[in-house]
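Open the model in your viewer and keep the selection tool ready. Each stop says what to select and what is there.

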Amino acid sequence: MSKFNKKDQDEILSNAQSGNIKPEALITEYRGVVENIARRYINSPLEQEDIVQEGMIGLLAAIKTFDESKGASFKTYAYTCIDNSIQTALRKFNRLKDIPQNSIVEYLEDEIPESKGVISAEDYVIAQESVSLLTKVLRENLSDFENEVLRLHIVGCSYNEIAARLCKTPKSVDNAIQRIRRKLLTISV
């Protein structure tokens, strides 16, 4: 199956790890292994080519970190690294997908950053209406202090910066953030 004998593979691996050569020969040799492992994840939410790409990242990590003194063969080690890389990518993808929508807070109307791309007029109007509705709901359900804390928190101010700007203690800012979180959980738009 392998076009390299163990001695040749060890020499190529050693030279690739030391930076004397590029690992293309090993990448070519193990591409089929990566594709076979990727086929096991055929029903995953990621595209097959993305899964293969993640597997190739795992193969490169295996080439870089392989230590023969640990007792495993390179093929076994590479297989494990490839599979772990793919599983990690899938976990990251699922983690992003599972963020509850009610935990996402939009920018307030006057703090929407300039778009680098072009959006349609319809999308712009819909976005403006959504932000206006959210702003109205927040103004009705949060105190003036809580609205100001939320605005500063959304634009990236730390608790200490918010406290300094509003002449309050960091503890009162923290308490306001906790109240805001509780209120946001009960608000339905």
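**A charge over a ring**

Select Lys168 and Phe145: Lys168 lies over the face of Phe145, at 5.4 Å from the ring centre. A charge counts as sitting over a ring if NZ of Lys or CZ of Arg is within 6 Å of the ring centre and within 35 degrees of the ring normal.

This is a predicted model, in which local features need pLDDT of at least 70 and side-chain atom pairs count only at pLDDT 80 or more, while totals for chains, interfaces and linings use all residues. Residues are numbered from 1 along each chain as its sequence is written, and side-chain values use heavy atoms, leaving out hydrogens and water.

**Aromatic rings**

Next, select Tyr30, Phe66, Phe74 and Tyr77, which ring pairs link into a cluster. Rings of Phe, Tyr and Trp (its six-membered ring) pair if their centres lie within 6.5 Å; planes under 30 degrees apart are stacked, over 60 edge-to-face, and the rest tilted. The structure holds three aromatic pairs. One of them, Phe66 with Phe74, is edge-to-face, with 5.4 Å centre to centre and 90° between the planes. Phe66 and Tyr77 form a tilted pair, at 5.7 Å and 55°. Here Phe66 is in the loop between α3 and α4, and Tyr77 is in helix α4, eleven residues apart. Helices are DSSP runs (H or I, at least four residues), numbered from the N terminus.

Buried means under 20% relative accessible area, exposed over 50%, and partly exposed in between (1.4 Å probe, protein chains only).

**Helix α2**

Select residues 24–39, which make up helix α2. A kink of about 45° is centred on Tyr30; the bend at a residue is the angle between axes fitted to the seven residues ending there and the seven starting there. Among the buried residues of α2 are Leu26, Tyr30, Val33 and Ile37.

**Nonpolar cores**

Now select Leu59, Ile63, Phe74, Ile82 and Ile86, which touch the most other members of the largest nonpolar core, a set of 25 residues. Such a core is a set of buried Ala, Val, Leu, Ile, Met, Phe, Trp, Tyr and Cys residues joined through side-chain atoms within 4.5 Å. Helix α4 supplies the largest share of this core, seven residues.

Finally, select Leu138, Leu142, Ile162 and Ile180, which are included in a second, separate core of 15 residues.

Definitions and conventions
Helices (H or I, at least four residues) and strands (E, at least two) are DSSP runs, numbered from the N terminus. The expected span of a helix is 1.5 Å times one less than its number of residues.
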